[in-house]
There are 2 protein chains.
Amino acid sequence: MSVKRFGRQTVRFGKSPVIASVGSVAGRKEQEGPLGHCFDRTSRDSYFGQKSWEKAESFMQSQALETACGKIDMPVDSLDYIFAGDLLNQCCASAFAMRGVGAPFFGLYGACSTFCEALSLASMSIDGGFADTAAAVTSSHFCGAERQFRLPLEYGGQRTPTAQWTATAAGAAILREEGNGPRITAVTTGIIRDAGITDANDMGAAMAPAAFDTLTAHFRDLGVGPESYDLIATGDLGKHGYDILLELFAKSGVDASRVLDDCGMMLFSREKQDVHAGASGCGCSASVFCGYIYDGLMTGKWKNVLLASTGALMSPTTSAQGESIPGICHAVAISAQKETS
Amino acid sequence: MSVKRFGRQTVRFGKSPVIASVGSVAGRKEQEGPLGHCFDRTSRDSYFGQKSWEKAESFMQSQALETACGKIDMPVDSLDYIFAGDLLNQCCASAFAMRGVGAPFFGLYGACSTFCEALSLASMSIDGGFADTAAAVTSSHFCGAERQFRLPLEYGGQRTPTAQWTATAAGAAILREEGNGPRITAVTTGIIRDAGITDANDMGAAMAPAAFDTLTAHFRDLGVGPESYDLIATGDLGKHGYDILLELFAKSGVDASRVLDDCGMMLFSREKQDVHAGASGCGCSASVFCGYIYDGLMTGKWKNVLLASTGALMSPTTSAQGESIPGICHAVAISAQKETS
């Protein structure tokens with residue numbers, strides 16, 4: 001019998017791995033947003049000095065990981081595992097970022113939920129006794145994503161009100177068995193939920209039911225509620241998806257409005273930055289967590305945070321074939337307090 | 001300290017999860033090959049009754065998983081975790097196959113190494129105490145892969161001698177903490193290795209150095225050698241990559257020729273089936289293991305098998321940008337004998 005499992009979707013860790021360090025990298029628009037001062041490294045050049053946007057994204061991942069390791073004087077190649085992913089076809093931003101790093105590598109794909117997927121598996125690798133150190137790294141790049149998923153940038157197509165703006169950002173978190181820092185106490189793994197949405201410019205509506213399912217499962221499995229957290233941050237539902245999630249909670253008789261926020265709404269100013277519903281991308285929740293939320297856990301702003309990255313699992317091919325958009329959400333509970341397990 | 005870790009890349013399991021059941025699905029060319037009689041389900045229709053090759057691939061994954069669960073009377077939605085991946089952009093074959101399955105889902109991308117990546121993480125989820133049951137599922141489809149990675153099928157471009165033929169196949173393995181069946185005793189996780197190969201029609205040469213690295217790490221970490229195994233089956237190097245791997249071993253003074261074989265060479269007859277160097281794809285090692293090798297472990301043909309799926313981590317975009325091809329290989333040690341740990 002799996003002794004760490006609670007309910008259908010949740011595990012609670014015995015050792016509660018420590019997030020010992022984080023690194024964040026962001027582009028110009030992100031730097032100009034409300035969290036612009038939070039990131040470790042930023043660049044006003046969308047190419048980050050590289051020859052293509054794809055290479056720029058790999059560079060961002062490398063920088064995020066090196067920064068996170070550098071803060072705790074840990075050689076990058078001493079990591080026991082790296083769990084990494086991104087949005088590019090064949091997850092090439094991750095593969096090319098990590099090919100120079102001499103550490104065992106697991107490639108992941110969970111669309112914009114990948115950061116919490118990586119944190120979940122990295123936590124398990126440590127709590128299970130397979131690793132002393134593990135990294136979770138994800139990224140996205142507006143220009144690379146736009147031309148891959150939608151249209152050439154030069155086309156300048158008009159965006160719908162529900163559309164989201166892919167974050168040009170990367171985040172890396174270093175997990176350790178021991179040390180100082182907030183601890184990952186539990187993870188709730190998502191079940192794919194397809195709400196029948198077929199508009200690829202309305203990912204918030206496709207992901208909100210998955211977020212509702214996973215958060216509800218988390219509460220049910222652990223016998224807790226929204227009040228157990230100071231902050232519940234969904235991955236990147238954007239304003240439209242966030243409103244749907246609040247409505248789903250209200251219908252189920254749960255008031256989550258006091259603590260619920262969304263990384264896609266935090267990263268940009270919707271009033272000033274013309275991003276429509278907000279930010280998205282594997283780099284969104286990664287950079288918001290590593291650049292902003294982590295600091296709040298370290299400085300006492302929040303004691304208990306539930307990070308719930310959300311992903312829309314369609315591809316341009318499936319959308320062209322008329323398919324609806326499957327959504328998924330993985331939740332990670334993080335506590336600023338030292339566990340006494 | 002991680003007590004289950006041996007050396008830089010290997011973990012040895014305390015509980016050694018059991019592979020309680022497997023399911024395999026294959027297409028017409030695979031059915032006509034030397035292992036054609038081994039698969040649970042085959043179809044002479046490349047669409048498997050679906051409306052597109054992408055949907056056909058999802059269907060194959062579903063069928064493989066349902067077959068594997070059906071053999072042990074386990075409801076698919078009772079699985080604690082599903083680890084799945086494929087080659088299609090945004091791993092959509094897996095996402096759409098698993099959207100109807102009510103089980104927690106982790107999406108993976110390791111190109112053709114994904115099956116061993118999935119077995120590795122599924123094993124950790126059980127040995128770590130996070131799950132009682134977990135599935136590893138991967139697939140590939142020649143027609144979907146060909147038009148995505150290379151050219152429209154109608155174009156009929158000539159293939160180079162080193163080219164490989166993407167398998168139309170899927171495999172699913174159900175892991176359990178207890179029960180009858182071969183056991184996963186150890187896994188060695190790959191470090192990305194880029195040998196500088198830039199020809200996307202020569203993936204064997206790009207992957208062979210990664211296979212050599214991971215197998216060498218496995219031997220070193222556990223203090224064993226090729227003689228510890230009755231069969232070492234690499235993922236899908238094909239004949240060209242296989243020859244390179246043998247040469248790399250010979251240069252390092254290791255004779256692996258007696259036990260080394262390659263799933264990409266087993267699946268098709270190179271003499272009769274015009275597949276050039278052999279098979280490839282996430283479904284190759286998955287279907288060869290689930291359709292053929294598993295049976296050999298159950299019937300006593302082999303006692304100790306090392307399955308080492310290999311992946312080429314490029315994308316059409318990175319190849320178009322002149323990048324070389326990063327390779328990776330994950331190895332999984334499987335023993336027919338009941339562990340007495």
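1. In this predicted model, Ile174(B) of strand β9(B) is the bridge partner of Ala135(B). That pair belongs to the antiparallel pairing of β7(B) with β9(B), the latter covering residues 169–176 of chain B, and eight bridges join the two strands.

2. Strand β7(B) also pairs with β5(B), a strand formed by residues 81–85 of chain B; here the sense is parallel and there are five bridges. Within β7(B), Val137(B) stands opposite Ala84(B).

3. A second topic is the packing of two helices in chain B. Helix α6(B) comprises residues 203–222 and helix α7(B) residues 238–251; their axes come within 8 Å and cross at roughly 35°. The crossing of these two helices is right-handed.

4. On the α6(B) side, the contact involves Gly204(B), Ala205(B), Met207(B), Ala208(B), Pro209(B), Ala211(B) and Phe212(B). These meet Gly238(B), His240(B), Gly241(B), Ile244(B), Leu245(B), Leu248(B) and Phe249(B) of α7(B). By class, the contact between α6(B) and α7(B) has 10 nonpolar residues, four polar residues and no charged residues.

Technical notes: Residues numbered from 1 in each chain as written. Chains lettered and ligands numbered in written order. Predicted model: local features only at pLDDT ≥ 70, side-chain atom pairs only at ≥ 80, totals over all residues. Axes fitted to C-alpha atoms, helices over the stretch in contact; angles between N-to-C directions. Helix = DSSP H or I, 4+ residues; strand = E, 2+ residues; numbered from the N terminus. Left-handed = near helix turned anticlockwise from the far one by under 90°. Contact = placed C-beta atoms within 7 Å. Nonpolar A, V, L, I, M, F, W, Y, C, P; charged D, E, K, R; others polar. Pairing = 2+ DSSP bridges.
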